[in-house]
Amino acid sequence: MTEQFDLSGRVALVTGGGRGIGHAIAIGLANAGAAVVPSARSTDEIESVADEIKADGGDAFPVSADVTNSGDVKSVIDRAKDEFGSIDIVVNNAGINPDNTLGQPEDVSSESFDRVLDVNLNGAYEVTRTAASELHETDGGSVINVASIGGLVGLPRQHPYVASKHGLVGLTKSISLDWSPEVRVNAIAPGYVSTELTEDLEGNKRLRQSIINRTPMDRFAEPEEIAGPTVFLASDAASYVTGAVLEVDGGWTAR
Ligand SMILES: NC(=O)c1ccc[n+]([C@@H]2O[C@H](COP(=O)([O-])OP(=O)(O)OC[C@H]3O[C@@H](n4cnc5c(N)ncnc54)[C@H](OP(=O)(O)O)[C@@H]3O)[C@@H](O)[C@H]2O)c1
């Protein structure tokens with residue numbers, strides 16, 4: 001049975017693979033046997049993730065890229081292919097939810113709104129379509145989009161983020177139809193996970209407690225808890241799963 005989860009011989013690109021959830025996913029995929037290309041704008045973090053994978057006997061090749069820059073996106077796909085010969089798994093994890101987009105619609109500038117859409121939705125779209133031929137050339141190509149509970153329901157004072165994640169869920173479902181049966185396309189919808197993105201939230205005692213009270217599992221997730229579901233979706237264990245959104249939210253959306 002464990003063979004079904006084995007990713008040996010596969011190559012995985014993880015955007016936003018330098019820290020937080022992307023870091024945990026990169027390590028998880030490497031532990032399952034994949035060669036990993038962690039990518040983000042800053043180089044220090046992706047290099048350190050690659051070092052961690054190599055120190056554990058795995059294969060990794062960090063490539064710096066901004067998902068909002070189509071030249072960068074092409075370059076990361078080309079370099080990953082040159083280094084490892086194929087791209088079998090794409091994890092669109094890069095994402096932002098900056099302070100200047102938290103608020104009422106009338107208080108958020110259209111530039112700030114666009115920036116969130118550019119990274120969280122257009123970035124994932126650009127990476128996916130640029131990797132299309134590599135994903136189709138290989139056996140068992142798989143795309144995993146890291147959405148959010150905000151891709152399934154509305155969240156107050158986060159309309160740009162929620163719009164971007166709803167878009168990502170729509171993209172997941174539509175492309176899964178276009179690319180089936182050759183390439184599977186799925187999404188993960190995490191709830192609240194302890195990372196730099198949620199640092200301020202967790203630092204606010206009242207807010208943190210209200211989130212915990214609303215979450216059946218009574219806590220935030222650790223980034224590593226998003227890795228297992230990603231390995232599952234990337235692997236042959238999920239060979240009949242496409243167009244799905246897997247909630248990894250401690251029961252948040254079940255309520
Ligand atoms: N934490 C949560 O509670 C939670 C819940 C649901 C969903 N998510 C989603 O999970 C994903 C990861 O979130 P996280 O919490 O791990 O956040 P994080 O700790 O802030 O990490 C975000 C990663 O994305 C990269 N990134 C940001 N902008 C980028 C760009 N333009 N191009 C390429 N890479 C970029 C960052 O690196 P650089 O800044 O160096 O580029 C970093 O590696 C996001 O899509 C987020 O929406 C998070």
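**Exercise 1.** State which elements cover the buried residues of helix 6, and check the span of this helix against its number of residues.

*Solution.* The cover of the buried residues of helix 6 includes helix 4 (110-130), helix 5 (132-137), strand 5 (141-146), strand 6 (183-190) and strand 7 (245-248). Buried stands for under 20% relative accessible area, with a 1.4 Å probe and protein chains only, and among the residues of helix 6 that count as buried are Y161, L168, I175 and W179. Helix 6 has 21 residues (159-179), which at 1.5 Å a residue should span 30 Å, and because its end C-alpha atoms are 30 Å apart, the two values agree; the expected span is 1.5 Å times one less than the number of residues.

This is a predicted model, in which local features need pLDDT of at least 70 and side-chain atom pairs count only at pLDDT 80 or more, whereas totals for chains, interfaces and linings use all residues. Residues are numbered from 1 along each chain as its sequence is written, and side-chain values use heavy atoms, with hydrogens and water left out.

**Exercise 2.** Describe where A234 lies and which residues A234 touches.

*Solution.* A234 belongs to helix 9 (residues 224-234), and its relative accessibility is 0%, so A234 counts as buried. Leaving aside residues up to four places away in sequence, A234 is in contact (heavy atoms within 4.5 Å) with L7, R10, L29, I89, S142, I144 and R184. The C-alpha atoms of A234 and G141 are separated by 8.2 Å, although the two residues are 93 residues apart along the chain.

Key:
Helices (H or I, at least four residues) and strands (E, at least two) are DSSP runs, numbered from the N terminus. Buried means under 20% relative accessible area, exposed over 50%, partly exposed in between (1.4 Å probe, protein chains only).
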